[in-house]
Amino acid sequence: MEKARPPITPQQIDNLRAEARGARDAAYCPYSNFSVGAAALCSDGSIFRGCNVENASYGLTVCAERSAIFAAVSAGHIDIVAIALVSSAIKLARPCGACRQVIAEFSSAIAPITVISESLGGEHVVETLADLLPGQFTLL
Ligand code: THU
C-alpha cells in the first residue's frame with residue numbers, strides 16, 4: 001500500500017533548484033539556443049540531473065526533465081519525489097506536455113511528484129504533477 005509522503009522542505013527545494021541550474025550548463029541546444037536543466041530528487045535523497053539534448057533531426061530532441069527522469073530510473077530509482085527545472089528564458093517555463101506525461105508515470109494521487117519550475121532570473125513556482133496534468137492517463 002502506497003503511503004503519503006511528507007511535503008518537501010524549503011531547503012530541499014532550494015537545493016534541487018541549484019542542482020537544476022548546474023545541470024543547465026551541460027545543455028546541448030545548438031538549434032534552439034534554449035537551454036534547460038533539470039534535477040530529480042528521489043526518496044532516499046539521491047539526485048539525478050538532466051539537460052536538453054537536441055539533434056539535427058529536430059524531433060529526436062530530448063527535454064531536460066525526461067533526461068533527469070531517465071537517469072534516475074536507469075540507476076534504479078523510480079521513487080521520485082520532486083523535479084526542478086530551469087530554462088534560459090526570462091519568462092518562467094513549465095514542463096512541456098510530453099514531459100508531464102513522463103513525470104506522471106512515477107507520480108500518483110497519494111504521492112504526487114512536486115514540480116519546481118524556474119526562470120533564468122530565479123522566479124519560480126512550486127506545483128504538483130496533479131496541478132499540471134489533472135486526470136493523468138495510467139494503466140497501472
Ligand atoms: N525543452 C525542455 O528541455 N523541456 C521542456 O519542458 C520544454 C522544452 C527543450 C527542448 C528543446 O531543446 C528546447 O527546450 C526548445 O524547445
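This is a predicted model: local features need pLDDT of at least 70, side-chain atom pairs count only at pLDDT 80 or more; totals for chains, interfaces and linings use all residues.

User: What distance do you get from a ligand oxygen to the side chain of Glu-54, and to that of Asn-52?

Analyst: For Glu-54 an N or O atom of the side chain sits 2.5 Å from a ligand oxygen. For Asn-52 the value is 2.9 Å. The protein covers 77% of the 370 Å² of accessible area that the ligand has on its own.

User: Which residues are around the ligand?

Analyst: Ser-32, Phe-34, Val-36, Asn-52, Glu-54, Thr-61, Cys-63, Ala-64, Glu-65, Pro-95 and Cys-96. That shell splits into 6 nonpolar, 3 polar and 2 charged residues.

User: OK, switching to helix H2. Which of its residues are buried?

Analyst: H2 runs over residues 64-74, and its buried residues are Ala-64, Glu-65, Arg-66, Ser-67, Ala-68, Ile-69 and Ala-72. Their cover includes strands S1, S2 and S3 as well as helix H3. After H2 comes Gly-76, with a positive phi near 95°.

User: And what does Ile-69 touch, sequence neighbours aside?

Analyst: Beyond four places in sequence, Ile-69 is in contact with Ile-80, Ile-83, Val-102, Ile-103 and Phe-106.

User: How many residues are in the largest nonpolar core?

Analyst: It has 19, and Ala-38, Ile-69, Ile-80, Ile-83 and Ile-103 touch the most other members. S1, H2, S3, H3 and helix H4 each give two or more residues to this core. Another core, of 11 residues, lies apart from it and includes Ala-39 and Leu-41.

Technical notes. Residues are numbered from 1 along each chain as its sequence is written. Side-chain values use heavy atoms; hydrogens and water are left out. A residue is near a molecule or strand if one of its heavy atoms lies within 4 Å of it. A polar contact is a pair of N or O atoms within 3.5 Å; within protein, one must be able to donate a hydrogen and the other to accept it, and residues adjacent in sequence count only if both atoms are side-chain atoms. Accessible areas come from the Shrake-Rupley method with a 1.4 Å probe; for residues, only the protein chains shown count as cover. Ala, Val, Leu, Ile, Met, Phe, Trp, Tyr, Cys and Pro count as nonpolar, Asp, Glu, Lys and Arg as charged, and the others, Gly among them, as polar. Buried means under 20% relative accessible area, exposed over 50%, partly exposed in between (1.4 Å probe, protein chains only). Helices (H or I, at least four residues) and strands (E, at least two) are DSSP runs, numbered from the N terminus. Contact means heavy atoms within 4.5 Å. A nonpolar core is a set of buried Ala, Val, Leu, Ile, Met, Phe, Trp, Tyr and Cys residues joined through side-chain atoms within 4.5 Å.
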